[in-house]
Amino acid sequence: QVQLVESGGGLVQAGGSLRLSCAASVSTFTINVIGWYREAPGKQRDLVATIGSAGSINYADSVKGRFTISRDNAKNTVYLKMNSLKPEDTAVYYCKAIVTSTTNWRTFQYWGQGTQVTVSS
């Protein structure tokens, strides 16, 4: 079983910054891809940014140049630094990990519980 614990959400004014963290508890798994998705009220959950085990990074067009994803493999933690925040960034941000079991080599995906980010205008 993998547990993802997010932190760092909150209320910030437009133009401000926040840093989200997602700590993964993995015992018999390796993390392949880990990243962030967000879900605004009434909208579907969309990709924000992901980072692979070799460091490959993917960003949504709407956050390129403002958000930075990074990964500390030793701590099994992924970060999302969000700068120049806009009201339209308001959403619940979820951490997602795609992992491989080291016992049976099957692949699974797990979601965190989400953390609220609210950007006021």
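Two strands are counted as paired if DSSP finds at least two bridges between them, and strands themselves are DSSP runs (E, at least two residues) numbered from the N terminus. The views below show a predicted model, in which local features need pLDDT of at least 70 and side-chain atom pairs count only at pLDDT 80 or more, whereas totals for chains, interfaces and linings use all residues. Residues are numbered from 1 along each chain as its sequence is written, and side-chain values use heavy atoms, with hydrogens and water left out.

View 1. Strands of a sheet pair through backbone hydrogen bonds, either parallel or antiparallel.

**View 2. Strand E3 (residues 18-25) pairs with E1 in the antiparallel sense and also runs antiparallel to E8.** The pairing of E1 and E3 extends over 5 bridges, and in this pairing Leu4 has Ala24 of E3 as its bridge partner.

**View 3. The disulfide of Cys22 and Cys95 brings their sulfur atoms to 2.1 Å from one another.** A disulfide is a covalent bond between the sulfur atoms of two cysteines, and it is assigned here to a pair of cysteine sulfur atoms within 2.5 Å. The structure holds 1 disulfide, which links distant parts of the chain, with Cys22 in strand E3 and Cys95 in strand E9, 73 residues apart. The link of Cys22 and Cys95 is left-handed, with -80 degrees about the S-S bond. Both Cys22 and Cys95 are buried, a term that stands for under 20% relative accessible area, with exposed over 50% and partly exposed in between (1.4 Å probe, protein chains only).

**View 4. The largest nonpolar core has 32 residues, of which Trp36, Leu80, Met82 and Tyr93 touch the most other members.** Such a core is a set of buried Ala, Val, Leu, Ile, Met, Phe, Trp, Tyr and Cys residues joined through side-chain atoms within 4.5 Å. Strands that each supply at least two residues of this core include E3, strand E4 (29-39), strand E5 (45-52) and strand E9 (91-101), and the largest share, 5 residues, comes from E9. Leaving aside neighbours within four places in sequence, Leu80 is in contact (heavy atoms within 4.5 Å) with residues including Leu18, Leu20, Trp36, Val48, Phe67, Ile69 and Tyr93.

**View 5. Ser101 in strand E9 touches Phe29, among other residues.** Ser101 counts as buried at 3% relative accessibility, and its side chain makes polar contacts with the side chains of Thr103 at 2.7 Å and Asn104 at 3.2 Å. A polar contact is a pair of N or O atoms within 3.5 Å; within protein, one must be able to donate a hydrogen and the other to accept it, and residues adjacent in sequence count only if both atoms are side-chain atoms. Phe29, which lies in strand E4, is buried with a relative accessible area of 12%. Although Phe29 and Thr103 are 74 residues apart in sequence, they are 8.1 Å apart in space, C-alpha to C-alpha.

Notes:
Helix = DSSP H or I, 4+ residues; strand = E, 2+ residues; numbered from the N terminus.
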